[in-house]
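Please look over the structure below. The text then walks through its charges and its overall build.

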Amino acid sequence: MKISPSIILFLFVLSVLPVNIFSQEDNSHFSDVFNREKPYRIFLPDDYSTSGKSYPVIYYFHGNKGSHVSRLSDVLAGLVKEQPVIIVAWNGRSVDSDIRPYNIGFHSNINYETQFKDYFPELVHHIDSHYRTLTDRSNRAIIGHSMGGIMSFFIAGKYPQLVGSAVNSKGSPEFFIGYPENHTLYCVRYLFKNLHGVNLRFHNSTTGELVYLNDEVHAGALQEGNLAYEYQVYEGGHSLMPRGLKDAFDFVVSSFNNPNPAPERWHHADLYPDFEVWGYEVESDLDETGYIEMRGVTKQGMGITTRKWQPHGRIIPGVAINVKTPPLYEPNSAYTLLDFNKTQDIQKLVNVVSDEEGKISFSVNHESHQIGIYRKRDPAEVVYVSHKVNDENIFLDQKGTCKLKLRLLNRGGSNVKNLKVELSCSNSDVSIANPVIEVDELVPGEPEWIAQDFTITASNPPPANGAPFRLKFHLSISDNKHTWRDEFEAPVMFDVPEFTNIGIDDGDSEIFGSGNGNNIAEPGESIMIYEVSHRTRLYYDDPYIGSERIHVDLQPDKWGDGYAVSSVIHISEDCPMGHQIKFLASYEVKEWKTIKRNVTWGTFTITIGKEADDLKKEITLFTQGTIDAGDPPNNTDIPDFYKSKLADLEDEVNDIENGEVEIIATSPGGFPVYAIYYGEKENFQSQANYNSAVAARDPAFYAKKDSSNKPVVFFLGPVHGQEVEGMVGLVNLIHVAETGRDHRGKEWSDLKSKIDQCRVIIVPCGNPDGRRRCPYDSFVGLPSEIMTKYGQGTRTDGSSWGWPMAKSVHPMKGNVGILGAYFNDDGINMMHDDFFSPMATETEAILDIARSEVPDMTVSLHSHENRPRILPANYVPWFMKERVDELTRRVNSRYEKTNLPYIPDDWISDLSVEDQKFPPHTSFNLISALHHISGTMAFTFECSHGSVPDAVQEPFVTHGDILDIQLILYEEMLDYLLENRLNWE
């Protein structure tokens with residue numbers, strides 16, 4: 001007999017639970033942090049009311065769309081019956097209506113000043129005050145899943161003095177965390193330094209969206225080393241199953257019995273300006289993204305600096321930091337404070353006096369400092385300061401034998417003699433010929449380059465994903481009495497192919513770089529460097545790179561996890577002309593469904609003030625195709641509201657606050673395909689695909705939709721890159737959704753109201769490759785033959801492919817002079833992609849949106865030289881064609897009333913059945929596929945683009961007409977849908 005998985009799960013739950021499986025209480029408390037009641041669910045042991053004992057506490061952090069009311073409450077209740085502990089399931093919603101918890105994610109997900117880092121200690125205090133708990137850190141644990149998983153490690157790292165153990169089950173790998181106006185990218189793989197002293201367990205899975213990104217997280221834990229860390233991979237997908245929860249529970253119970261002591265030496269990086277950790281109080285005036293970082297903290301001192309990012313970020317100018325230690329020192333006693341400023345390479349000694357509790361306060365600026373605190377004849381303490389490779393820079397040469405020199409500092413109160421400095425690396429691809437070096441003496445307060453070099457050969461390859469790539473070295477420094485330990489990381493200049501197709505943005509994109517826009521790096525300019533169209537992350541060691549900022553992109557994924565980081569560097573004003581800078585560089589591309597991050601590495605050198613032979617003269621990201629000699633120039637009278645450029649779209653996306661932005665695909669040319677979402681996504685309880693549900697005679701098997709659900713509308717921008725009119729309309733529609741006005745300042749209050757009543761998905765440009773290659777930003781008044789030439793493309797002899805012959809070759813390759821903007825860079829026309837075989841990434845992402853969002857109505861925006869027109873989908877049910885016909889007549893009537901070009905009713909073709917004779921003339925295209933994958937009411941809209949058949953004819957639409965044509969269409973679509981919803985019940 002075959003037993004179903006659901007029965008196996010039920011039997012497992014019964015096997016671990018007593019009969020009364022729902023023993024829990026739902027309570028609430030008034031939160032000063034949130035200024036309202038906050039609910040929580042608490043699970044108490046059976047003997048709680050009679051034993052008089054105090055119990056350890058486990059805090060459970062739910063994932064996205066969850067709350068304190070967990071679907072695994074029965075399992076949690078059973079675990080409490082199994083072991084005498086208390087479990088508290090908190091509520092991670094900033095406001096009750098939110099389904100996305102914790103106020104973290106990409107920029108558009110961070111909406112509240114209230115922070116969960118402030119709520120956790122408040123909740124702990126409430127629980128400890130109202131229940132019998134063991135209040136020491138070793139008896140407090142966190143278990144979190146998915147978004148609760150990243151919060152588990154974040155909160156445990158924020159408050160290691162409060163948390164003894166933490167389990168991260170399949171957590172998100174990196175999110176922005178902080179305030180709406182000031183939030184910082186928190187990458188779990190780089191922040192394990194915060195978690196020393198905490199017992200850690202990390203769960204991954206074999207399938208699902210976060211598998212590969214969490215491989216990177218695991219690599220980060222191994223890179224950090226010296227952690228109390230367990231890792232386990234579970235068969236299956238992303239969900240938290242009872243077995244994983246039981247394993248997590250057993251782990252923290254074991255940790256209660258075998259606590260990890262507080263570390264004697266620790267590190268911490270905090271993205272908030274003020275914080276407390278291990279008894280240290282830190283206050284600063286940090287008011288931008290970044291971290292305050294403390295390293296190697298002991299009673300004898302610490303390293304402290306600011307960093308714009310983790311790891312190894314640049315310092316943040318202008319920040320003042322005040323530190324107060326715990327009561328580690330003799331009260332009211334004089335101490336010497338050594339401040340070695342590594343950035344300036346200067347040191348000073350200051351007399352300080354501990355307060356009546358034995359705390360010492362001091363202040364530093366934003367630069368990198370090593371602090372020593374001692375009295376005369378206190379023991380020495382030796383720490384790492386810096387290193388050099390081959391007396392040149394910090395990079396080890398891959399596979400080459402290198403001489404590594406160390407600079408050490410004695411930050412204690414006594415001389416130290418006859419030192420043994422032992423160097424090791426856990427990477428098996430690294431060999432150290434002389435791992436032990438002897439040093440005669442180090443005196444307090446004097447950083448010293450030790451005389452002898454270590455001889456190192458690093459053969460490690462670059463990672464193919466986003467795992468940490470620097471080598472971590474461990475130092476053990478000892479005399480006859482003491483041993484001090486430290487660590488440092490060194491990058492490797494990998495032996496990788498040279499990037500030869502690079503371009504420099506020094507202001508020509510008007511987005512990233514700043515300078516004179518001649519695509520040559522010059523003193524005083526800020527530049528972004530590309531390999532073809534890929535923005536690069538740069539690694540270097542050059543004194544003339546004055547500063548760096550990072551640009552963070554969403555990557556094409558399904559969940560908004562995993563970001564691509566690129567560099568914008570500033571060339572110092574005093575950089576000599578002709579100076580050469582060598583870079584190690586990388587760029588990332590993520591796979592759509594697996595969210596696997598694929599990293600390509602390369603090296604290159606630029607010459608300041610000089611155009612390198614292998615340097616492209618034009619940046620490719622937003623530089624459009626060129627116009628052939630003799631063709632008319634781009635229009636110069638295009639109004640500002642006519643947002644038809646990729647740069648316009650990028651600007652609009654960066655300003656979005658109310659919507660949620662996602663990159664759903666990366667084009668073959670390396671450009672992002674954005675989707676913007678307004679309104680909450682609802683769960684339609686799908687149990688079959690659409691066509692299977694129809695075959696079962698009820699589309700509700702695919703999606704249960706009734707009048708209680710918001711209508712869903714999908715606006716698909718141009719998949720033919722020269723048809724910019726839909727892109728203009730959708731960029732303005734986003735602006736209406738954000739502000740209630742279009743870019744002219746015209747009010748669209750009814751349209752804004754209708755957007756708010758629906759779930760709206762907008763893909764402003766479905767074919768960024770084609771849009772970039774199209775050299776024109778408007779076709780109003782241009783000859784129609786120009787639209788044809790750059791839209792459908794030309795043959796090698798210069799003749800136009802034209803319509804419909806541009807569809808006679810697919811993909812468009814071979815006899816191609818100009819690749820028309822119809823196509824992406826692989827020659828794919830997405831309207832006629834091969835829907836039953838591997839598709840273009842963009843096509844697949846568009847269909848995935850329809851499949852998962854279940855839109856009630858979908859429009860694909862196109863344009864032609866005639867009057868605006870709606871075209872129904874081919875090969876769809878008759879009733880859908882009738883609905884499209886009804887909408888067509890409404891839209892035409894609205895255009896007529898507003899004095900816009902329109903199709904009179906007697907011009908509208910009668911509805912017909914496709915292809916009653918051979919050969920067929922109608923195609924099953926993208927619009928047909930959108931219906932058959934989701935049941936949507938799909939149609940094509942052909943807008944007027946304003947080109948003219950000959951030079952003497954005047955265009956019958958203006959730029960303002962085109963925008964009104966678009967926005968009126970959108971308003972009528974929403975209005976029709978709100979009045980004529982099809983319910984699937």
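A salt bridge is a side-chain nitrogen of Lys or Arg within 4 Å of a carboxyl oxygen of Asp or Glu. By this rule the count comes to 46 salt bridges. The model is predicted: local features need pLDDT of at least 70, side-chain atom pairs count only at pLDDT 80 or more, and totals for chains, interfaces and linings use all residues. Residues are numbered from 1 along each chain as its sequence is written, and side-chain values use heavy atoms, with hydrogens and water left out.

Start with Arg 41 and Asp 26. Their side chains meet in a salt bridge, at 2.6 Å from N to O. Arg 41 lies in strand β2 (residues 36-43) and Asp 26 in strand β1 (residues 25-31), so the pair ties together parts that are 15 residues apart in sequence. Helices (H or I, at least four residues) and strands (E, at least two) are DSSP runs, numbered from the N terminus. Arg 41 counts as buried, at 7% relative accessibility. Asp 26 counts as partly exposed, at 46%. Here buried means under 20% relative accessible area, exposed over 50%, and partly exposed in between (1.4 Å probe, protein chains only).

Next come Lys 388 and Asp 391. Their salt bridge spans 4.0 Å, N to O. Lys 388 is partly exposed, with a relative accessible area of 28%. Asp 391 counts as exposed, at 54%.

Which residue forms a salt bridge with Asp 975? The partner is Lys 754, with the closest N and O atoms 3.9 Å apart. This pair links distant parts of the chain: Asp 975 sits in helix α17 (residues 959-979) and Lys 754 in helix α11 (residues 749-756), 221 residues apart. Lys 754 counts as buried, at 13% relative accessibility. Salt bridges that share partners join Lys 754, Arg 890, Arg 894, Glu 971, Glu 972, Asp 975 and Glu 979 into one network.

Now turn to the whole chain. It has 17 helices and 46 strands. Its radius of gyration, taken over C-alpha atoms, is 32 Å, close to the 30 Å that the globule rule (2.2 Å times the number of residues to the power 0.38) gives for 985 residues, so the chain is as compact as a globular protein of that length. The C-alpha atoms fill a box of roughly 100 × 80 × 55 Å, taken along the principal axes. Of the 985 residues, 60% count as buried.
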